[in-house]
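Welcome! Have a look at the sequence and the model first, then read on.

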Amino acid sequence: MTTTAKSPARDDHSDKPQPSQDLQRRLTERQLSMIAIGGAIGVGLFLGSSVTISLAGPSVILTYVLGAALALIMAYSLAEMAVVHPVAGSFGVYAEHYLSPWFGFTVRLTYGLIQIIAIGAEVTAVAIYFGYWFPTAPQWIWVTAVSLLVVAVNAAQVGNFGEFEYWFSAVKVVAIIVFVVVGVALISGLSPRPALGLRNMTAYGGFFPHGYRGMWLAFTLAISSYMGLEVVAVTAGEARKPEAAIPRAMRTMIFRLILFYVLAIAVMVAVTPWNQSGDGTVTGSPFVRAFASIGIPYAALIMNVVVITAALSSANTNLYLSTRMLFSLARGRYAPAMLGRLSANGVPHRALGVSSLGMAVAILLAIYAPKRAFLLMYGSAVAGMYFVWIVILTAHIGFRRSIGDKVNDLPLKLRFFPASNIAGIFVLLAVGVSTFYVQGLQYSVPIFGVVLAVMSLVYWKVHHTRRTEMETKAEVVPPK
């Protein structure tokens, strides 16, 4: 599809751009679709669901349905803009173009920081999973080993990264399908065992054991399970034929994601009593506990391998995302120029090094606070993601105003605009307020508020310096 609106400025502001210093379009549509799913299916489902289930009980199913509705609005808003502007930096560039340079800077830096933190949470999750087999081994050993593996994969060519991530993501998708099929067989009586039925959904305090309040509070973390669908837009800068690949990848990803999440959670609370899925702390995957409780030989062992693969996949994708965001900031001259340089195989290797800092933090937390490490890191990223989604929905409003009637030429369109965007923004703001009532998340919004203020000061400093440089250059250039 041809560009239907004025394209945002390129991230590369050099006077003589070198072709070898551009990101290479090596991600195929097949890889793009699977990476998109893999980026969203991670520890939010496989590990974080232990917290959401403890908050909501069986009504957590409705929590994930509500999250799916918001994710659908986000996905279509982002896809519309990504089709028109398939650039590195994606929604950071859109925010700069359709809102203001401040939004462009803060949303890119926020997302980069979030992914760096999320990487630490993912590798910490791997250590928790290994604790199922090696309960006495220190967490930091597994965190360190996994971190080295993920960095090595991201240092390879993007095409190799895409293929590696494709198969990692495929394992997650197949595992969820098998989990759902086995669960349905146990619930319905299609297996040799007596039918479990749906009694677990009502036998332990009813469908709403903690009322509607519990269902809503679970939304504060459940929504983070869907946060990852932005990967489609971020990979647009390295996708082949983005005008065709992005719409198909986004449709495929969002509907499969909704189906997988809602069905998997429904099966989870039907197969095992919700009050046995965890005590609200993160000590293991409820999926592994579910298989262990139903007594299928080796099922829990196999599922533990799967959730380890899932965490590796998510850490791999998050490292890719944070690296590309830092690269975009550098090319936009909002970060040190060295972060915008590419290695011989087309990888922003210096941005990759900075993005790996989250894993260094995870190693330290695994040494000094192993029991609280996961929720500390995962919860810290939540408030930042609320901000990112709000900015994307707001930028999309400006995008629609800009292209006018040309919206009819887009290969996919968000329905009920602008009411859908306004509703999404309102829900995100309400969820942000609700974090004050969730154990482990009480300080996430205030901390992000401080971080946003610091980023604003950095932006002002960078913006002021750039303006001074431009004025100085204008003074020394002789008039024609």
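A residue is called buried when its relative accessible area is under 20%, exposed when it is over 50%, and partly exposed in between, using a 1.4 Å probe and protein chains only. This is a predicted model, in which local features need pLDDT of at least 70 and side-chain atom pairs count only at pLDDT 80 or more, while totals for chains, interfaces and linings use all residues. Residues are numbered from 1 along each chain as its sequence is written, and side-chain values use heavy atoms, leaving out hydrogens and water.

Helices are DSSP runs of H or I with at least four residues, numbered from the N terminus. How many residues of helix H3 are buried? Helix H3 spans residues 49-56 and is mostly covered, with seven of its eight residues buried. These are Ser49, Ser50, Val51, Thr52, Ile53, Ser54 and Ala56. After H3 comes Gly57, which has a positive phi near 70°.

**Two helix pairs**

Two packed helices are described by the angle between their axes and the distance between the axes. Here the axes are lines fitted to C-alpha atoms, for helices over the stretch in contact, and angles run from 0 to 180 degrees between N-to-C directions. Angles under 35 degrees count as roughly parallel, over 145 as roughly antiparallel, 65 to 115 as roughly perpendicular and the rest as oblique. Contact means heavy atoms within 4.5 Å.

| Helix pair | Axes come within | Crossing angle |
|---|---|---|
| H5 (residues 90-98) and H6 (residues 101-130) | 6 Å | roughly 160° |
| H9 (residues 211-226) and H17 (residues 419-434) | 9 Å | roughly 105° |

Helices H5 and H6 cross at roughly 160°, which makes H5 roughly antiparallel to H6. On the H5 side, the contact is made by Phe91, Gly92, Val93, Ala95 and Glu96, and on the H6 side by Pro101, Phe103, Gly104, Val107, Arg108 and Tyr111. Sorted by class, this contact holds seven nonpolar, two polar and two charged residues. In this sorting, Ala, Val, Leu, Ile, Met, Phe, Trp, Tyr, Cys and Pro count as nonpolar, Asp, Glu, Lys and Arg as charged, and the others, Gly among them, as polar.

For the other pair, H9 and H17 are roughly perpendicular to each other. Trp216, Leu217, Phe219, Thr220 and Ile223 of H9 meet Val427, Leu428, Ala430, Val431 and Ser434 of H17. This contact has eight nonpolar, two polar and no charged residues.

**Aromatic rings**

Rings of Phe, Tyr and Trp (its six-membered ring) pair if their centres lie within 6.5 Å; planes under 30 degrees apart count as stacked, over 60 as edge-to-face and the rest as tilted. The count by this rule is twelve aromatic pairs. One of them is the edge-to-face pair of Trp102 and Phe103, at 4.8 Å centre to centre and 75° between the planes. Trp102 is partly exposed at 24% relative accessibility, and Phe103 is partly exposed at 27%. The rings of Phe105 and Tyr459 are tilted, because their planes are at 40°, with centres 5.7 Å apart. Since Phe105 lies in H6 and Tyr459 in helix H18 (residues 444-476), this pair ties together parts 354 residues apart in sequence. Both Phe105 and Tyr459 are buried. Ring pairs also link Phe130, Trp133, Phe134 and Trp142 into a cluster.

**A loop to look at**

Phe416 is in the loop between H16 and H17. Phe416 has a positive phi of about 60°, although it is not a glycine. Is Phe416 buried or exposed? At 69% relative accessibility, Phe416 counts as exposed. Pro418 lies in the loop between helix H16 (373-403) and H17, and the peptide bond from Phe417 to Pro418 is cis, with omega near 0°.

Note on methods: Helix = DSSP H or I, 4+ residues; strand = E, 2+ residues; numbered from the N terminus.
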